[in-house]
Amino acid sequence: MKLDFFSILGVIIVFIVLVFWLGQSLWIYLDARNKNNRFAILWGILGLFNCPIPLIVYLIVTRGNEKKCPNCKKAVERNMVICPHCGYSLGKACKSCGAFMEEDWEYCPHCSTKYEKGDN
Ligand SMILES: [Zn+2]
Ligand SMILES: [Zn+2]
């Protein structure tokens with residue numbers, strides 16, 4: 001009787017872990033696919049190897065490169081000049097190399113062009 005209880009408990013724990021594990025992998029895959037990440041399937045496979053390290057790595061990698069459009073609140077990549085969803089201006093483009101620049105940056109970090117205040 002005691003053995004039965006523990007084996008049932010064991011099965012339940014394994015089951016819960018499996019659900020989390022597969023859920024993690026599936027969630028990563030769907031989230032990556034949603035963002036048109038071309039490595040979505042690889043992220044999903046990575047999620048099968050371990051739990052929860054791939055999830056943490058995935059969140060750091062993708063969320064670190066993301067911000068919210070202040071106009072439509074959708075996720076956009078950090079280096080986008082214009083929101084692809086609503087066309088809202090997210091920053092300015094360097095007039096020399098076209099790279100993304102925050103409004104208040106005085107130097108382009110890509111080509112080192114200097115901007116005077118109010119320039120561009
Ligand atoms: Zn937007
Ligand atoms: Zn530049």
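Contacts between residues 24 or more positions apart make up 12% of the contacts in the protein chain with a separation of 6 or more, two residues being in contact if their C-beta atoms, placed from the backbone, lie within 7 Å. The model is predicted: local features need pLDDT of at least 70, side-chain atom pairs count only at pLDDT 80 or more, and totals for chains, interfaces and linings use all residues. Residues are numbered from 1 along each chain as its sequence is written, while chains are lettered from A and ligands numbered from 1 in the order in which they are written.

The C-alpha trace of the protein chain spans about 80 × 25 × 25 Å along its principal axes. Its radius of gyration is 22 Å, whereas a compact globule of 120 residues would have a value near 14 Å; the radius is taken over C-alpha atoms, and the globule rule is 2.2 Å times the number of residues to the power 0.38. Of the 120 residues, 11% count as buried. A residue is buried if 20 or more other C-beta atoms lie within 10 Å of its own, exposed if 12 or fewer, and partly exposed in between, with C-beta atoms placed from the backbone.

The protein chain has three helices and four strands, which run α-α-α-β-β-β-β from the N terminus on. Helices (H or I, at least four residues) and strands (E, at least two) are DSSP runs, numbered from the N terminus. The domain assignment gives domain 1 (2–64) and domain 2 (79–120), with bounds that come from an automatic or database domain assignment. The centres of domain 1 and domain 2, taken over C-alpha atoms, are separated by 38 Å.

In an unreviewed UniProt entry, the annotation "transmembrane region" covers residues 6–29 and 41–61. Such positions are given in the numbering used here, feature names are shortened, and annotations may be inferred rather than shown by experiment. Residues 6–29 are 100% helix and 0% strand, and their end C-alpha atoms lie 34 Å apart. Residues 41–61 are 86% helix and 0% strand, with end C-alpha atoms 15 Å apart.

The axes of helix 2 (residues 40–49) and helix 3 (residues 53–63) come within 7 Å and cross at roughly 145 degrees. Axes are lines fitted to C-alpha atoms, for helices over the stretch in contact, and angles run from 0 to 180 degrees between N-to-C directions. Trp43, Leu46, Gly47 and Phe49 of helix 2 meet Pro54, Leu55 and Tyr58 of helix 3. Proline 52 is placed in the loop between helix 2 and helix 3, and the peptide bond from cysteine 51 to proline 52 is cis, with omega near 5 degrees. Leucine 48 lies in helix 2 and is partly exposed, because 15 other C-beta atoms are within 10 Å.
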